[in-house]
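User: Please examine the model shown here with me through a series of questions and answers.

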Amino acid sequence: MAPRFSRRSPTSTAGFTLIEMLVAIAIMGILMAIAAPGWNNFLANRNLTSAQDQVLQSIRQAQVQAIQTHQTWQVSFQEPNGIIQFAVHGLDNAPNWQNSIPRIHIDPGETTLSTSTSGYRVQFNRTGEVNGQLGRLTLVADNSRSKRCVFVSTLLGLLRKGQEQTRPDASGRYCY
């Protein structure tokens with residue numbers, strides 16, 4: 001008996017049609033359009049929290065240096081060219097500016113720290129107590145309504161992070 005060979009039909013059913021591929025790409029595009037703003041807000045909030053932690057740490061560092069050296073120290077903040085810079089230094093030392101996280105800015109309308117020629121500052125005396133005005137430094141991210149604050153709350157130098165609100169409270173503040 002001779003072996004039988006089967007022939008394939010001239011049309012194959014394997015693979016996807018062009019219409020199926022276009023529908024799949026369109027669905028993926030719609031899902032990306034929905035997810036992109038949420039992802040951007042997530043990244044902005046993460047960067048904002050990192051910058052808030054960096055500000056808090058630099059203020060604490062100035063306070064610790066003042067206690068350890070028994071001299072007045074300060075932390076200064078400025079924003080040349082849209083990039084926040086900070087420096088922890090003694091009054092007799094020139095500031096050594098360090099860049100903070102990009103796309104984060106100081107909100108001048110919500111910031112109440114003392115101002116100096118270069119920007120904002122917090123001073124601590126030799127015992128770690130605040131020299132001068134108490135206040136807050138408010139940070140805001142590009143393309144975001146979120147804000148974060150760092151407070152210098154008492155003359156003893158109590159530092160804390162402000163909790164964010166999406167809308168201002170009765171007194172018009174975003175952080176409390």
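User: Are Arg136 and Glu110 buried or exposed?
Analyst: This is a predicted model, in which local features need pLDDT of at least 70, side-chain atom pairs count only at pLDDT 80 or more, and totals for chains, interfaces and linings use all residues. Residues are numbered from 1 along each chain as its sequence is written, and side-chain values use heavy atoms, with hydrogens and water left out. Buried means under 20% relative accessible area, exposed over 50%, and partly exposed in between, with a 1.4 Å probe and protein chains only. By that rule, Arg136 and Glu110 are both buried.

User: What joins the side chains of Arg136 and Glu110, and at what N to O distance?
Analyst: Side chains of opposite charge can pair when their charged atoms come close. A salt bridge is a side-chain nitrogen of Lys or Arg within 4 Å of a carboxyl oxygen of Asp or Glu. The side chains of Arg136 and Glu110 meet in a salt bridge, N to O, at 3.5 Å.

User: Which elements hold Arg136 and Glu110, and how many residues apart are they?
Analyst: Helices (H or I, at least four residues) and strands (E, at least two) are DSSP runs, numbered from the N terminus. Arg136 belongs to strand β8 (residues 135-141), and Glu110 to the loop between β4 and β5. The pair thus links distant parts of the chain, 26 residues apart.

User: Which residue forms a salt bridge with Asp107?
Analyst: The closest N and O atoms of this pair are 2.4 Å apart. Asp107 lies in the loop between β4 (104-106) and β5 (114-115) and its partner in strand β9 (residues 147-152), so the pair ties together parts that are 40 residues apart in sequence. Both residues are buried. The partner of Asp107 is Lys147.

User: Where does the salt bridge partner of Lys161 lie?
Analyst: Lys161 forms a salt bridge with Asp53, the closest N and O atoms being 2.3 Å apart. Lys161 is in strand β10 (residues 159-162), 108 residues from Asp53. Lys161 is partly exposed, at 37% relative accessible area, and Asp53 is partly exposed, at 30%. Asp53 lies in helix α1 (residues 18-69).

User: How many salt bridges are there by this rule?
Analyst: The pairs include Lys161 with Asp53 and Asp107 with Lys147. Arg136 with Glu110 is also one of them. The count is three.

User: Why is strand β6 described as largely enclosed?
Analyst: Strand β6 covers residues 120-124. It is largely enclosed by the rest of the structure because the number of buried residues among its five is four.

User: How many bridges join strand β1 to β6?
Analyst: Two strands pair if DSSP finds at least two bridges between them. Strand β1 (residues 73-78) and β6 run antiparallel, with Phe77 opposite Tyr120 of β6. The number of bridges joining β1 to β6 is five.

User: Which residue has a positive phi in the turn between β5 and β6?
Analyst: β5 and β6 run antiparallel, joined by two bridges, and Ser114 has Arg121 of β6 as its bridge partner. They form a hairpin with four residues between the strands. The residue with a positive phi, of about 155°, is Gly119.

User: Which residue takes a positive phi in the hairpin of β6 and β7?
Analyst: β6 and strand β7 (residues 130-131) pair antiparallel over two bridges, and Phe124 stands opposite Val130 in β7. Five residues lie between the strands of this hairpin. The residue whose positive phi is near 85° is Gly128.
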